Amino acid sequence: MDIQQLYKIYKSHPVITTDSRDCPYDSIFLALKGESFDGNKFAASALEKGCAFAIVDEPEYVAQDAEGNADKRYILVDNCLKTFQLLARHHRRQFNIPIIGITGTNGKTTTKELVSTVLAERFNVLFTQGNFNNDIGVPKTLFRLNEEHEIAVVEMGASHPGDIKTLVETVEPQYGLITNVGKAHLQGFGSFEGVVQTKGELYDFLRGQNNAKVFIDAGNEHLMNIANGLQLIKYGTCGDNLKVSGDVISCAPFLKFRWTDGKEEHVVQSHLIGSYNIYNMLAAVCIGLTFGVTGKEIDHALEHYVPSNNRSQLTETATNHLIVDAYNANPTSMMAALRNFRDMEVPNKMAILGDMRELGDSSEEEHQRVADFLEESGLRNVWLVGPEFAKTRCSFAKFGNVEEVKNEIDHVNPTGYYILIKGSNGTKLYQLPEKL
């Protein structure tokens with residue numbers, strides 16, 4: 001069965017589930033595999049629960065009917081994940097709307113949120129929900145596309161070479177944005193150069209498309225160096241021929257910035273923490289202007305956007321102000337957060353930092369670099385959490401895990417602080433705000 005035939009079945013049963021515990025009546029079950037599960041084993045159960053068809057990629061799980069023939073409710077394919085991606089691409093091709101693909105080491109989720117918020121001032125926008133930015137989440141995002149959408153913003157993540165290539169070939173965007181390239185998932189990429197090459201797979205795809213355009217931070221030399229041969233729409237705090245330029249006014253503690261398109265100056269007071277978010281903001285302004293959103297509408301969108309995903313988020317509790325950035329951490333984002341925290345115009349600073357995961361052979365060096373920066377920065381009240389920070393040479397308090405941190409909070413009851421909480425998701429520092 002080819003993709004067009006399979007898509008006809010999908011049109012008659014337009015719900016695909018990959019979870020045998022959630023089987024809406026008349027839906028299609030897709031048997032995906034993971035490190036610890038094989039969806040093929042649950043195909044029969046999904047059909048019993050109400051699914052109309054089950055897509056599988058192992059022949060032994062295709063049941064027989066009463067006459068001994070293959071049950072026609074089973075659809076056997078070579079690879080369920082690849083089929084899912086091809087089917088999602090075929091669905092995407094039914095809609096002639098602009099699609100913007102966003103990737104990058106840091107800031108891609110925040111930028112996706114900001115871009116979508118700006119575009120929503122004028123359009124019905126499909127955008128990636130949560131962190132559905134991988135080889136399964138991206139197809140799920142595309143299947144949400146319907147006739148009411150006028151534009152789409154699709155986030156794409158990667159942890160290994162080739163990941164972005166697979167995703168862009170599924171999404172087929174006409175516009176692209178790489179927020180930046182930094183040191184993350186080095187264990188998977190092998191090196192910083194591997195990160196640049198993988199993120200650049202978005203550019204490689206767009207290079208082969210007619211009239212494709214790239215939104216780019218003109219001050220980022222790593223991105224400019226790999227953007228040859230592309231139609232560039234530039235933004236940034238420096239550079240030539242910028243569609244949008246801007247600069248930080250203050251961070252006390254929220255980012256306040258100005259931007260201009262060369263004709264009129266705008267000042268925006270945001271609800272985001274971190275001077276580094278100037279680039280995410282300017283990207284959203286640039287994309288908004290490109291698609292006809294007015295400056296007034298852009299300002300309104302950015303001023304009213306409030307983060308709610310543990311990224312650049314300020315929470316005020318009964319006893320402290322918490323700067324929560326506990327969803328992820330890598331050397332680039334950690335240093336950016338610490339520089340911003342050092343320069344932030346607030347009193348009584350405290351930092352609780354968790355290990356940065358997936359750094360491979362670079363882990364010890366990168367954690368020591370963070371510790372050295374902390375020593376030099378003048379930040380004194382610092383708690384380091386996890387086995388990687390435990391190896392560092394520094395004078396700060398160290399904790400083996402988040403439970404030890406919770407016990408210490410109960411003991412000392414920190415009060416009246418601005419507290420930066422940042423670490424990889426696996427360190428579970430997201431459990432701390434309710435204690436502070």
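Reader: Why is Phe341 called buried?

Author: Happy to explain, with the note that this is a predicted model. Phe341 has a relative accessible area of 1%. Buried means under 20%, so Phe341 is called buried.

Reader: Where is Phe341 found, and which residues does Phe341 touch?

Author: Phe341 is part of helix α13, which covers residues 331–343. Leaving aside residues up to four places away in sequence, Phe341 touches Ile323, Lys349, Met350, Ala351, Leu379, Tyr418 and Leu420.

Reader: Why is Asn241 called exposed?

Author: Its relative accessible area is 69%. Asn241 belongs to the loop between β10 (231–236) and β11, and its phi is near 55 degrees, a positive value in a residue other than glycine.

Reader: Why does Asn348 count as partly exposed?

Author: Asn348 has 47% relative accessibility. Buried is under 20% and exposed is over 50%, with partly exposed in between, so Asn348 counts as partly exposed. You will find Asn348 in the loop between α13 and β16 (349–354). Phi of Asn348 is near 50 degrees, again positive in a residue that is not glycine.

Reader: Let's turn to helix pairs. How do you know how α4 and α11 cross?

Author: The axes of α4 (residues 108–119) and α11 (residues 277–290) come within 9 Å and cross at roughly 35 degrees. The crossing is right-handed. On the α4 side, the contact is made by Thr110, Thr111, Leu114, Val115, Val118 and Leu119. From α11 come Asn277, Asn280, Met281, Ala283, Ala284, Ile287 and Gly288.

Reader: What makes up that contact by class?

Author: Eight of the residues are nonpolar, five are polar and none is charged. Gly counts among the polar ones.

Reader: Which residues of α12 are buried, and what covers them?

Author: In α12 (residues 295–304), the buried residues are Gly295, Glu297, Ile298, Asp299, Ala301 and Leu302. Their cover includes α4, β12 (254–260), β13 (265–273) and α11.

Reader: Finally, what lines the second largest pocket?

Author: That pocket has a volume of about 230 Å³. Its lining has 13 residues, and Val15, Ile16, Thr17, Lys140 and Phe143 lie nearest its centre. By class, seven are nonpolar, two polar and four charged.

Technical notes: Residues numbered from 1 in each chain as written. Predicted model: local features only at pLDDT ≥ 70, side-chain atom pairs only at ≥ 80, totals over all residues. Heavy atoms only, no water. 1 Å grid on protein atoms, 1.4 Å probe; cavity = no way out; pocket = protein on both sides within 12 Å on 5 of 7 lines; lining within 4 Å. Points joined across faces, edges and corners; volume = space filled by probe spheres on them. Axes fitted to C-alpha atoms, helices over the stretch in contact; angles between N-to-C directions. Helix = DSSP H or I, 4+ residues; strand = E, 2+ residues; numbered from the N terminus. Left-handed = near helix turned anticlockwise from the far one by under 90°. Contact = heavy atoms within 4.5 Å. Buried < 20%, exposed > 50% of the residue type's maximum accessible area, 1.4 Å probe, protein only.
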